[in-house]
Structure formats: structure tokens, C-alpha cells
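The sequence and structure come first, and the notes follow.

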Amino acid sequence: MISDPNKPKKLSANEGIKERSNFLRGTISESLSDDSTGSISAEDAQLTKFHGTYMQDDRDVRASLIKEKKEKAFSFMIRVRVPGGVCTPSQWIGIDKLADKFGESTLKLTTRQAFQLYGVLKRNLKQTMKEINDTLLDTLAACGDVNRNVMSPANPFESSLHQQALDVAQSLHDHLTPQTSSYAEIWLDGEKQGGIGEESEEPIYGKTYLPRKFKIAVALPPRNDVDVFSNCLGFVGIPDGEKVVGYNVLVGGGLGMTHGKTTTYPRLADVIGFCSPDQVVQVAEEVVKIQRDFGDRTDRRHARMKYTVEDRGADWMLEELNRRLGWELQESREFNFDSTTDRYGWTEDADGKWAYGLFVEGGRLKNEEGSRGRVALRKIAEEIPCQFRLTANQNVIIARVSAEDKEKLVGILSDHGMTLPEQLSGIRLNSIACTALPTCSLALAESERYLPQLVDELESIIDRLGLRGESIAIRSTGCPNGCGRPYLGEIGLVGKAPGKYNLYLGAGLDGTRLNKLYRPAITHEEIVDELRPVLEDFAANRDPEERFGDFCIRKSYVNATVKGTDFHE
């Protein structure tokens, strides 16, 4: 039977769930009150993502529980929005307490400058959400088909320019947060508002929200620490002296793909124009609305903003945006990035205060023998006047520290067994790993629990070659969805099967070039064996100041990936 090409495609199942949800209410309250199970209904599990929580189960024990004919070990991961990564000491202490009170006693710092709590049981979920809101942080739109946590440069006190970038990120966060009162009703015992179920409840998103998640970042050259080109929408600040005079507008970035499906690929955003600071929020709203109206709602693998831009073209996107704005973006301005790395150790703020960049392996803070990271950070929050900045590389900056407290801060870190950045290799300091097993349902292989082991072995090679201080970005994910931004790693690892990974090489350390597949589906031993000769070649034959990713291109280990559609070639 030949299908009719003119017949409208069937919408994805998630579109029906959103349509029926009455602006994200669904039957979440009823599911929470059912104490006969640790899970919630499948539809509610999709809707709770919009509220900032994922239902998960412990895959380490899944098989044994199934064998015993018991229910899976269900729990919930909660993602806490932290706009621009800015967190006060009292907020840090509040979230840290919840990790023990209701979670599994670890704290995860994410690649979008947010917190994640794990192991929250259903019976504690509502109270945990309430207490998160008591800290003046929240979880609404931390997940789901909406705009996620807006990122900005990690330390706004580095200069007045950084504060201006943070202010823009905060404005975007506030303006694009969903307006539905369902969040307050379900989690905070808020009263139902008038107009429930009417389109006016979501003036930007409408009743079915966006086709997929939407990500925004604000960057300030020369440091691309937010990987701005990987976002659906990016704003790159253009300074003139002590003022950001405007922002280049970037559209169409995104990193997820599907193994074996070459029509899916990571893509870097296109620069389409320039706007003034007071125009940023309007530009963002209209770009979101374009994705709302034109994004693919029939295939969630083809639903991200990057495919809307790729399929229709950046020129179409600019024309449609200008039409909706009622005015035209200006020509983009020149800018350059030098790296995507964080700043470690001490740096002085513009007004004489100090900031300490601390490496957190895998973004995981926990208390264990030899390194009690959570206790150390909690003690700093309690005893030293400061502010915290979560970075897009899963690390933390302790900012606004007085000169008098610098020695005390380092002493607290050392006393609790934390390894200071100057003691670590460049490759470890530039490593990112997604959570993967045992909690992520999509993981095909280990990531957070694996990458430190790999880095240990690579360090033995790097030390021998005299490359210990060299910044080499290595990024790992347990599946191809790209949560750890692996396709922008100079060395990228993507889980293909248990114990096997696709190995990618050749991304730009400045975040402006994707990597390319070097070896498919190889084991840990094979990864080390494949990387050893490349690193030896790099040590012996690199040009002065040449980055590892650039070297891999120049020496033809892989071809440069100029655009997303070239990724699989």
C-alpha cells in the first residue's frame, strides 16, 4: 500500500499527553497519593519532567528485582534551576541538606549550571519540592519541552561585563518560565487560579508547549565556558569598554543524535545577526514562538530547533524572525573565543574580592573516605562570606571571598581531602561526564563511573610525554543524546553498548568545531591503545601552541566537521 504524501503525519505520543494535561496538571496529584507503588503513571512521568523531576529506577538491582518478581527500585531525580549558575550560601546549604534528608546523600552539578538530587522516593517528592522552593530556587521547567535553565558566564564579578551578561540571562529566565499555576497547585499547595485550561494560561507556549526541549546560553568572549554554539539560541556579548553594547544572535545548535540514524546529528548554531541588550528578550520570545509553530511535532528525534534551522535554512530563520519582530536584526559583529575551559584556583574580581575555581570530578559532590567534598563546601558556605557559581563544566566557583579568608578556604578544602586544581592534569581538569548508569534509563554504557578510570590511564601516558599541563577536553556520555556535550570534546566518548564506546576526535577547544568518529564500538583497552599513538604523535610533532583537536585535523586522524550534516561522513 502506497502512503499518501499529502496526508498529515501522525503527531508523536507526547503531543497528545500535553494536549490532555490541562497545562501540565494531568493526574500527577492522584499519582502522588497512590501509596501502593513507588512509581507514577506513564503519562504523569512525562508531565513531571516539566515540573523538574524524572522518575528513574536503580538499574544495578533491576534484574534481581525482576527475578524476584518485585517492583523496580523506583525513585526520582530532581533538577533545580539556578539561573546563570548563581547560588547564595543559604541556598547551597538548603540544597545540601535535602541531599541527606530525602536523597541519596550526593549532589550533582550539571552541565547547565544546575543542581540534581537523586534517590528521592515518591512519598517524599512533594515535601522535597516544597523545601527546594523555600530556598528561593525552583524546579519548574528544569526539564520538559520548554526553555531550560539559562546559562551565562560563571563569575559575574569578574568584570562589569560579566554582571551585564548575567542580568540578561536572568531576564530570559524570568520571561520564558511557564506561566501555568499547576506547579504551585501540585507542589506548593497553591490555590487554583482563574482561567485554568484557557490559552491565556500560557501566552508564549500554548497548551502543547514546544516540540522538544529548548536551551539558551549567554556568552562573553574570549571565554566560551557555556559552549554557546551547542544551544538552540545563543547570545554572544559584544563589549565596548565597560559596556556590552549588544549581542550576536545564534540559532540552531544542539548535540543529541541516535545511533544508526544518520538523519540525526549534532549541529552548531548559525550566527544570524546582532541586537541591542534591550532587544534580547523580545528576540528570544519570537525565536521560541517560531520553534513552537514550525518545529516537528511528529518525530521527537527530529523535533529540536537545530532541525528547524537546518531544514528551512538560516536565511529563512532570519527573515521569519525579522517579520515577527517588526524590525530587522543588525549585521553580526566580529568576535573570537579562545577556549571552553573553566578558570581554576584564585582570580581577582574587578573590585578586589577573590574567586576560587574548584574542580569537581563528574560534577558529583559526595562524602566518602578520603574526600568529603560536600562537607567542605557546606563548611565554606557556613563559615566564609562568599557566593557560589555553578559552571557549565560541572565545577564550582567560590566567589566574593575576601583576601583575609583565602587561606582559610583552601585549608578547609585540604582538610577534607579535596584535591586542589594545581595538583591535577590538564586532561582531568577538562573532563565532563554525564550520569549514565545506574539511574539514567537511556544509558547504554557507563560514563560518570567510567571516565575517571580512563583518565587515570591516559595520565600515565601524558605524564611520560610531558603533557600533564596541556588542556585537552575529554567528554563522555553513556548514550548518544549528548548530555555531557561529547561531540564538542577533543576526545569524545559515546556509549554504544555495555563496555563499548564510539571514540571521536578533533573538536575545537574553543567550541566552534564538532568532532568526528575515529573508532566505533571499542572497549576500554582499545580506547587506550588507540589514543596512545595519537598522543605520542601530538607530543612529538605539534606546532607551537597547537591544540590537540586542531592537531588531529591537521594530521588527518579525522576530517574537520564543518557542519552538522557532515558529522557522519
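Helices (H or I, at least four residues) and strands (E, at least two) are DSSP runs, numbered from the N terminus. This is a predicted model, in which local features need pLDDT of at least 70, side-chain atom pairs count only at pLDDT 80 or more, and totals for chains, interfaces and linings use all residues. Residues are numbered from 1 along each chain as its sequence is written, and side-chain values use heavy atoms, with hydrogens and water left out.

**Loop residue D405**
- D405 lies in the loop between strand 16 (396-401) and helix 13 (406-415).
- With a relative accessible area of 18%, D405 is buried (under 20%, where exposed means over 50% and partly exposed in between, with a 1.4 Å probe and protein chains only).
- Apart from its neighbours within four places in sequence, D405 is in contact (heavy atoms within 4.5 Å) with I384 and P385.

**Helices 5 and 6**
- Helix 5 (residues 89-101) and helix 6 (residues 122-134) pack at an angle of about 165 degrees, their axes being 9 Å apart; axes are lines fitted to C-alpha atoms, for helices over the stretch in contact, and angles run from 0 to 180 degrees between N-to-C directions.
- The contact is formed by I95, L98 and K101 of helix 5 together with T128, E131 and I132 of helix 6.

- Strand 4 (residues 107-109) and strand 5 (residues 115-120) run antiparallel and are joined by two bridges.

Notes:
Pairing = 2+ DSSP bridges.
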